[in-house]
Every structure is written in C-alpha cells, then in structure tokens.
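Here is a friendly walk through a few charged contacts and their surroundings. Keep the model open beside you as you read.

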Amino acid sequence: MNYQEAISYLEGLKIFGIRLGLTRIERLLELLDRPQDRYRTVHVTGTNGKGSVSAMVEGALRRSGIHTGFYSSPHLVSYTERIRVDGQNISEQDFAAGMTVIREKIDLMLAEGAECPTQFEVLTALGFYYFAKCQVEYAVIEVGLGGTLDSTNVITPEVSVITNVTMEHADKLGGTLQSIAENKAGIIKDGVPVVTAAKGEPLSVIRAVAEEKSADIFVAGEDFSSKFISCDGCVQQLEFSSELLGIDHQPYELHLLGVHQVENSAVALMTLRLLHNIDARLTMETVTEALRLVSWPARFERLDFGAQTVIVDGAHNPAGMRALRSSLDAIFPAEERVLLLGILKDKDIDAMLHILLRPNDTVVVTVPQSERADSAADLLRRVAPAVQHVEAFEANKEALDRALELANGEKLLVIAGSLYLVGGVREMLLQRKG
C-alpha cells in the first residue's frame with residue numbers, strides 16, 4: 001500500500017466504530033511477535049491532561065538522550081501525528097509500509113474467523129510495531145478511551161499515570177463516576193507504581209485497586225505538588241515540592257500555559273522521578289530543560305498572529321472548559337474576548353457554555369470536522385442568551401475570517417470546543433503565518 005491507500009483502508013475501518021475489548025488487539029499483536037514487549041513504557045490515562053503529561057514525560061526522556069517513542073490520540077491534522085519517534089512524526093512512507101504488514105496479519109485473523117480489529121486497534125498495533133522496528137528504549141503510551149479495555153492496555157509499564165477522573169464517555173464506561181474511575185484504574189498492573197492527581201471518590205477507587213495490585217501510589221497534593229509563582233504570558237514560573245522525596249520548592253519553568261498545567265507538570269515530574277530510579281540518564285537538569293521547551297499543540301497554545309494574540313485550546317468537556325476559563329481569567333484577566341467555538345453534539349454543551357462564556361463575549365460558532373458535530377444553528381441558539389453578540393458560519397474558514405475581523409488585533413481570540421475543530425483551524429492560522 002502507498003500512503004493514500006493506507007489512509008483509505010483505515011477510514012474503511014470506521015464502520016466498526018468503538019468496540020472496547022482486548023481480544024482483537026492481543027491476537028493482532030501476537031501475529032506481529034508482540035512488539036510492545038521490546039521496550040519500556042509509561043502508560044497514561046485520565047479525563048483531562050493525559051496528553052500534556054505524556055508530552056512532558058516524552059520530552060524529558062528525549063532531552064535526556066533516550067531513544068523515545070510517543071503514541072497519542074486523536075490527531076489534529078494527520079494520522080502520522082499519533083506515532084512519533086524522537087519527536088518526529090512517522091513518515092508517510094513508513095506509515096504505509098507498516099500498514100501493509102498489519103493488513104496482512106488482519107487478513108490472517110479474518111481467515112481464522114476472528115473479528116476485524118477497529119481503526120484505533122490498528123493504529124495502536126502500528127505504533128507498537130513501528131517503535132519496535134525503530135528499537136526505541138522507552139515509549140510513552142497515551143490511553144485512547146478509559147483504561148481497562150482500551151487497546152493500549154496490553155503493556156506492563158514502568159509507571160502507570162492517571163491524571164484525573166471526571167464524568168466523560170459515561171455511556172461507554174458504565175455511567176457513573178465510580179465506574180469511570182474503575183475503568184481508568186484498569187491500567188494499574190501488579191507491583192507497578194501509580195502516579196495520580198485524582199481526588200474524592202475516584203481517588204478512593206484508584207487507591208483500592210493499587211492496594212489490591214501491591215502497587216505503590218503517589219498522589220498529587222499529598223505526596224508531591226507544584227506551586228504557581230508567576231507567568232509573563234509566555235512561560236510559567238513554578239516550584240515543585242515533595243516531602244516524600246526530600247524536595248522543597250524546587251524552581252522550574254514551563255512553556256505550557258494554563259493553570260491546569262501546574263498540576264499536570266507536578267504529575268509529570270513525579271513520574272520522571274520514579275523513572276530516574278531505573279535510569280540515571282534522567283536528571284533534574286535535563287528534565288527542567290525539557291519542561292522549558294516542551295509544547296503540546298492546541299492545549300492552551302498561544303499563537304501570535306501579527307498584532308493578534310490567539311489561544312487555541314481543544315477543551316471538549318466541562319472539565320476542559322473549566323480549566324480553559326480559569327487560565328483565561330488568570331493570564332488574560334482584563335482582555336475582551338472573541339470566541340470561535342465548535343462542539344460535538346454528544347457533549348454536555350450547555351454546561352460547557354455556562355462555564356466558559358461571559359456576558360460581554362463576542363462569539364462565532366461553526367461546525368467541527370466530525371459526523372458527531374453539533375450544527376452551527378443549534379449552537380448559535382444555545383449561545384445567544386449568554387453573550388452580547390453571536391454569529392454562525394458552517395465553513396471553518398469563513399468562521400475564522402470573521403473571528404479575526406471581530407478581534408481586529410484588539411481583542412483576545414480564543415478557539416475552542418473540540419479537537420475536531422481546532423486542529424484544522426490551527427493549521428489555517430499556521431499557513432497564514434507562513
């Protein structure tokens with residue numbers, strides 16, 4: 001297969017939808033000679049923050065001279081973004097070559113009478129296969145959905161990370177906060193340490209599973225924490241402390257903006273401290289250098305476009321919107337705002353809007369690039385009572401043009417609501433910047 005044929009094959013697998021379970025991925029990986037067992041891993045789940053924490057851990061490993069893979073989802077523009085080695089996306093040529101091998105194995109599965117793997121399972125297998133082919137030393141693996149039955153949950157990592165747990169994907173994960181926490185705790189393995197920022201009932205669930213698995217657990221706010229010192233709008237000044245580790249107010253800089261990144265970076269630092277115990281190449285010097293440099297596209301990302309400041313954030317649920325609103329209020333408290341929004345119809349749209357919107361906001365609504373997208377007309381209807389002015393455009397480009405016109409370099413432009421929106425709009429902005 002060439003790259004376009006590989007993408008067409010992947011797109012065809014969408015008909016199988018989301019089918020949680022490990023039977024298909026385990027058989028596919030067996031046919032690939034279990035590539036996931038040929039390198040060390042860090043496994044990261046959580047409702048929000050798992051991508052940012054994964055990016056920080058991967059960046060620190062790479063900055064320490066460690067040959068590193070990174071598997072994440074979803075992508076913003078290209079499937080190749082999901083599979084990276086030493087910070088570089090898999091090439092289209094390697095993507096196609098790997099898909100050719102995997103399709104041959106799927107054909108064997110079908111001949112055996114097995115079910116066809118889902119799209120996410122095939123991408124996961126491709127990531128694991130490519131990391132083994134590149135002979136990475138470590139791979140940071142971000143969970144796709146939940147934990148227990150997610151197709152990434154076929155690894156035994158060095159550290160299991162659970163960022164936080166809130167109500168998300170409840171229809172697929174049992175319908176209650178407890179069931180969601182139980183599902184995410186499913187990545188905990190026997191004797192493997194756990195780092196978490198969960199609180200309340202989810203933390204109790206995670207503690208119980210960790211105890212059952214004889215896994216040491218390290219909890220944000222109890223065993224370690226980070227403190228916000230200042231932010232100049234581009235870099236945050238923070239301090240990490242852990243009485244457990246004998247660390248008191250250790251300063252570091254973080255390129256990632258947003259108040260939620262304070263706790264995320266603390267989780268990453270604790271994870272890296274545990275990894276240091278098995279790999280001395282990870283030092284505080286290389287870790288702090290990495291945090292000063294690490295970026296994670298579309299997560300409270302600042303893009304200056306001439307005189308126009310733009311914040312791009314993939315906030316796609318109430319918890320994400322709460323983090324976005326808190327960060328906007330903390331870093332740009334006096335700025336008037338123009339919001340470019342697109343949200344999926346299966347999200348808690350009214351709760352998200354209630355958290356984010358201020359009465360004096362100007363809003364442009366549009367349609368994310370997903371069959372699950374809420375219509376521009378419906379989103380306009382929901383937004384209109386809460387703000388002074390709202391307009392709707394079906395086409396993302398027209399919506400972006402109008403939002404830039406309304407902001408006019410004088411108001412802060414915020415693009416949010418769904419990764420299926422912000423990925424494409426971000427690409428448009430970068431093209432304009434050249």
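Is Glu115 buried, partly exposed or exposed? With a relative accessible area of 45%, Glu115 is partly exposed (buried is under 20%, exposed over 50%, partly exposed in between, with a 1.4 Å probe and protein chains only).

## About the model

This is a predicted model, where local features need pLDDT of at least 70 and side-chain atom pairs count only at pLDDT 80 or more, while totals for chains, interfaces and linings use all residues. Residues are numbered from 1 along each chain as its sequence is written, and side-chain values use heavy atoms, leaving out hydrogens and water.

## Salt bridges across the chain

The structure holds 29 salt bridges (a side-chain nitrogen of Lys or Arg within 4 Å of a carboxyl oxygen of Asp or Glu). One of them joins Arg19 to Glu115, with the closest N and O atoms 3.2 Å apart. Arg19 is itself partly exposed, at 26%. Both residues belong to a salt-bridge network that also includes Arg24 and Glu121.

Glu289 pairs with Arg63, again with closest N and O atoms 3.2 Å apart. Helices here are DSSP runs (H or I, at least four residues), numbered from the N terminus.

## Within helix α13

Arg402 and Glu405 form a salt bridge at 3.1 Å, N to O. The two are 3 residues apart in helix α13, so about one helical turn separates them. Arg402 is partly exposed at 22% relative accessibility, whereas Glu405 is exposed at 53%.
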